[in-house]
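Please study the structure before reading each solution.

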Amino acid sequence: MEQRQLGRTGLRVSHLGLGTLTWSRDTDEHEASEQLRDFVDAGGTLVDTSASYAEGGAEELLGSLLDRVVPRDDVVLCTKAGVRRTPSGGVVDASRGGLLRTLDASLRRLGTDHVDLWLVQTPDPRTPLTETVSALRIAVTSGRAQYVGLSNHAGWQVARAATLLGEDVGLAAVEAEYSLLQRGIEREVLPAAAEMGVGVLAWSPLGRGVLTGKYRRTIPADSRAASPHLAGFVEPYLGAESLAVVEAVATAAAGLDRTPLDVALAWLRVRTQVTSAIVGARTAAQLRGSLAAEDVVLPPEILHALDEVSAPELGYPERR
């Protein structure tokens, strides 16, 4: 699998990353173990998790597999902080104290003394960005994180954080949703990242699973849209505005004798500014489908057609 440089850093990661959103909730230890082994065997390195996934359960499961299923040093470990659970629900907390406490808890669950990449998961309107950035600096200087970044932040926040961190620490990455169904980051986030030398990690490159085409006719009983935990996650892309894009992807796939999943990932692979596309799978079989898409090359005319039908200016507002 191709390894790409993350922004202007010396860190290199696989152009496909393994997401763990469903781990310990819809993905059990057996499936997670198989996913991790298959991913590393295919040359994958970037494994993406978060303290908020399954309320820490995803990190705990991942930590139990490191060095038992694959060596810790064979993966680039990325986790996120900034969303914590309370009795009344999830709360955004990107304060310095909240972030560093969460990082320490993540390290305990992961069974490691450092993560390779640590991201602030979402903006916190109640905390100054300068304070949030100070936590990123402390994480690097204390050795708890080798590189730091942001997730789901606006372009101006990416630029400001990179400026505040300077060249000595640096902002390594911004993680954002990016797919044929969500191209909003092309307006501000991608230009800001390019200007500041920040790498881009694309989450949900398959449009929350919708670009696989499995929702074209109905909602499968074993799909995310049928899960009580994730139905709301998929629902925004099940409307009429997504249908034209999904049908275009399906048509291209039929013409190439490939799957819609192959086409969606191949479209994103040629976006040179994207360092890695993070694919999440509930089962090992689903992950193998993504890993099998490595050899797909889309003809220029198909790339152009997909660009046109999915263009943000044609009515795709940036979704948060």
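**Exercise 1.** Determine across which strands helix α1 lies.

*Solution.* Helix α1 (residues 29-41) lies across β3 (16-19) and β4 (46-48). Its direction is at about 170 degrees to β3; such angles run from 0 to 180 degrees between N-to-C directions, with axes fitted to C-alpha atoms, for helices over the stretch in contact (heavy atoms within 4.5 Å). Helices (H or I, at least four residues) and strands (E, at least two) are DSSP runs, numbered from the N terminus.

The model is predicted: local features need pLDDT of at least 70, side-chain atom pairs count only at pLDDT 80 or more, and totals for chains, interfaces and linings use all residues. Residues are numbered from 1 along each chain as its sequence is written, and side-chain values use heavy atoms, with hydrogens and water left out.

**Exercise 2.** State whether the residues of strand β11 are buried or exposed.

*Solution.* In β11 (residues 199-203), five of five residues are buried (under 20% relative accessible area, 1.4 Å probe, protein chains only; exposed is over 50%, partly exposed in between). One side carries G199, L201 and W203, and the other V200 and A202.

**Exercise 3.** Identify the strands with which β11 pairs.

*Solution.* Pairing requires that DSSP finds at least two bridges between two strands. Five bridges join β11 to β10, in parallel, and E177 stands opposite W203. Four bridges join β11 to β12 (residues 274-280), also parallel; here W203 stands opposite I278.
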